[in-house]
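Please look over the sequence and the model shown here.

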Amino acid sequence: MEKETTVKVKTKQCFEREVEQIETFTATVEANVKNNISSKMALRIDNIFVEVGDKVKKGQKLATLEPINLTQAKLQMENDSLEFVRTDNLYKAGGVSKSVWDVRKMAYSISSDTYKNLLENTVLTSPISGIVTARNYDKGDMYNMAAPLFVVEEITPVKLKINASEKLFTSVKKGMPVDVKLDVYGDEAFKGTV
């Protein structure tokens, strides 16, 4: 007959808890907003007011293009405005027909729109506050519309482009908090959201 032996066993109470699922990804840091700034017309570049690396504010003038067309359009608009005012006064006094009044009003409206369009494409301004990251032409160059004159990027905040695997698509939700570490900052973690 075998002798029974007893073994002492230590036990601990078990608890159920969630274990945080952490995934690590490689990402590309990109500007939050990137604007390619160009004119709709091929014109000679008259002046450049910013360089690569300059901080710019929304609405700041970046460059001016040759103003000959703009000057002509402004003169035409001013002339059409005077002619319309004269015709309007005559129309109110019964000196001209409604059709003549309509023609003068349309001429002024067209020349006004033409001037505004030329102004927008002759005086280039930044649509955002940011950093000039590219300047593809110099003063005196003929802008040929092949590349934008400037690239302005909003770099505060930045966004990260991450390629997550398909199996995680259902787990990743918009607004989830994330920690971001960049090689240039060592172990310092930055807070962000999906």
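The crossing of α1 and α2 is left-handed, a term used when the near helix is turned anticlockwise from the far one by less than a right angle, with right-handed used for clockwise. Helices (H or I, at least four residues) and strands (E, at least two) are DSSP runs, numbered from the N terminus. The two helices α1 and α2 pack at an angle of about 155°, and their axes lie 8 Å apart. That angle makes α1 roughly antiparallel to α2. Axes are lines fitted to C-alpha atoms, for helices over the stretch in contact, and angles run from 0 to 180 degrees between N-to-C directions; under 35 degrees counts as roughly parallel, over 145 as roughly antiparallel, 65 to 115 as roughly perpendicular and the rest as oblique. Sorted by class, the contact of α1 with α2 has 12 nonpolar, eight polar and seven charged residues. Here Ala, Val, Leu, Ile, Met, Phe, Trp, Tyr, Cys and Pro count as nonpolar, Asp, Glu, Lys and Arg as charged, and the others, Gly among them, as polar.

This is a predicted model, in which local features need pLDDT of at least 70 and side-chain atom pairs count only at pLDDT 80 or more, while totals for chains, interfaces and linings use all residues. Residues are numbered from 1 along each chain as its sequence is written, and side-chain values use heavy atoms, with hydrogens and water left out.

The buried residues of α2 are W101, S111, S112, Y115, L118, N121 and T122. Buried means under 20% relative accessible area, exposed over 50%, and partly exposed in between (1.4 Å probe, protein chains only). Their cover includes β4 (61–65), α1 (68–93) and β5 (123–125).

Take N121, which is found in helix α2. N121 has a relative accessible area of 3% and is therefore buried. Leaving aside residues up to four places away in sequence, N121 touches S39, K40, M41, L43 and L65, where contact means heavy atoms within 4.5 Å. The C-alpha atoms of N121 and A42 are separated by 9.7 Å, although these residues are 79 apart along the chain.

Two backbone features remain. In the loop between β6 (130–135) and β7 lies M145. Phi of M145 is near 65°, a positive value in a residue other than glycine. M145 is partly exposed, at a relative accessible area of 43%. Strand β7 (residues 150–162) holds P157, and the peptide bond from T156 to P157 is cis, with omega near 0°.
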